[in-house]
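This briefing goes through a few local features of the structure shown below, grouped by topic. Please keep the coordinates at hand while reading.

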Amino acid sequence: MRTIAIMNQKGGVGKTTTSVNLSAALAAKGKRVLLVDLDPQSHASLHLGLTFEKEFPSVYDVLVNDEALSDVRRQVSENLWLVPAHLDLAAADFELASVLGREKILADKIAEDSMTFDYLIIDCPPSLGVLTLNALVAVEEVIIPLQPHFLALHGLSKLLETIVLVSKRLNPRLRVSGVALCLYDARTTLANDVKTDVQNFFNANEGRPESWKHVKVFDTNIRRNIRLAEAPSYGKSIFDYDPKSNGAEDYRALCEEILQMEENASPSDQD
């Protein structure tokens, strides 16, 4: 199983949009996908049509109440399952403060789960607390969505520092595998300059840590697209809402790049 956290400590950069639509694109390609909503805002759950009219078991119960993933997981479409979040997840940091090994709870629950998947995608919260640590311990890859603005590299450096620390102390297999530019407007000089700056940053950093030594800045740019913004209000992925939109086209292309990375990996990379 390929395990990926979609992560950026800054909000509003396309993190949840990428988590949901990448998961849906992979499912459409026949991959069995488990999406874990680890954000207390529950936007990935809402995006896939789950409302809060009734109480339901959520990832909060997995982390705090020792529930199994199988008791919480819901199938939301063909080949796509969701472990939803609930607003009470906001209290998890406080409730887990004194729990020994709290950063490994999610990883342990995933290891105990008997259902098999091709991909695990985790939508991380826009913070660097216990919830994000659980995600980084549970996965082997991080994909970072970036909005092309002039502070992008500043935030990226901080995020990479966190990943280096987690890889050294908690999860030696963790690595940043890709960066995706979201909310991209090719008509602006700024967007193109930022993408060039990000590519140069990763190309020029000799002696960089192993955890982000081989980062791919994806060729696909997720363009600004009103359909992507509208889809969550209908509880649908972009492919169910408007499969012919630019947003659907871009996430299909990003999905193909991610699948190609797997095909190109050497046997030693897959061990």
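In this predicted model, Phe150, Leu151 and Leu190 make up a nonpolar patch on the surface, and their accessible area together comes to about 340 Å².

**Surface patch**
- Leu190, one of the patch residues, lies in helix α9, which covers residues 189-204.
- Because its relative accessibility is 42%, Leu190 counts as partly exposed, a class that falls between buried, under 20%, and exposed, over 50%.

**Helix packing**
- Helix α6 (residues 105-112) packs with helix α7 (residues 130-138) at an angle of about 45 degrees, the two axes being 7 Å apart, and α6 is therefore oblique to α7.
- On the α6 side this contact is made by Ile105, Leu106, Ala107 and Ile110, while α7 contributes Asn134, Val137 and Ala138.
- Helix α1 (residues 15-28) and helix α12 (residues 246-264) have axes 9 Å apart and pack at an angle of about 70 degrees, so that α1 is roughly perpendicular to α12.
- Here Thr17, Thr18, Asn21, Leu22, Ala25 and Leu26 of α1 meet Tyr251, Leu254, Cys255, Ile258 and Leu259 of α12.

**Surroundings of Leu34**
- Leu34 belongs to strand β2, residues 33-37, and it counts as buried because its relative accessibility is 3%.
- Although Leu34 and Trp81 are 47 residues apart in sequence, their C-alpha atoms are 4.8 Å apart in space.
- Leaving aside residues up to four places away in sequence, Leu34 touches Arg73, Trp81, Leu82, Val83, Phe117, Tyr119, Leu120 and Ile121.

Note on methods
Residues are numbered from 1 along each chain as its sequence is written. This is a predicted model: local features need pLDDT of at least 70, side-chain atom pairs count only at pLDDT 80 or more; totals for chains, interfaces and linings use all residues. Side-chain values use heavy atoms; hydrogens and water are left out. Patches are made of residues with over 30% relative accessible area and no salt bridge: like charges are joined within 9 Å, nonpolar side chains (Val, Leu, Ile, Met, Phe, Trp, Tyr) within 5 Å. Accessible areas come from the Shrake-Rupley method with a 1.4 Å probe; for residues, only the protein chains shown count as cover. A salt bridge is a side-chain nitrogen of Lys or Arg within 4 Å of a carboxyl oxygen of Asp or Glu. Helices (H or I, at least four residues) and strands (E, at least two) are DSSP runs, numbered from the N terminus. Buried means under 20% relative accessible area, exposed over 50%, partly exposed in between (1.4 Å probe, protein chains only). Axes are lines fitted to C-alpha atoms, for helices over the stretch in contact, and angles run from 0 to 180 degrees between N-to-C directions. Angles under 35 degrees count as roughly parallel, over 145 as roughly antiparallel, 65 to 115 as roughly perpendicular and the rest as oblique. Contact means heavy atoms within 4.5 Å.
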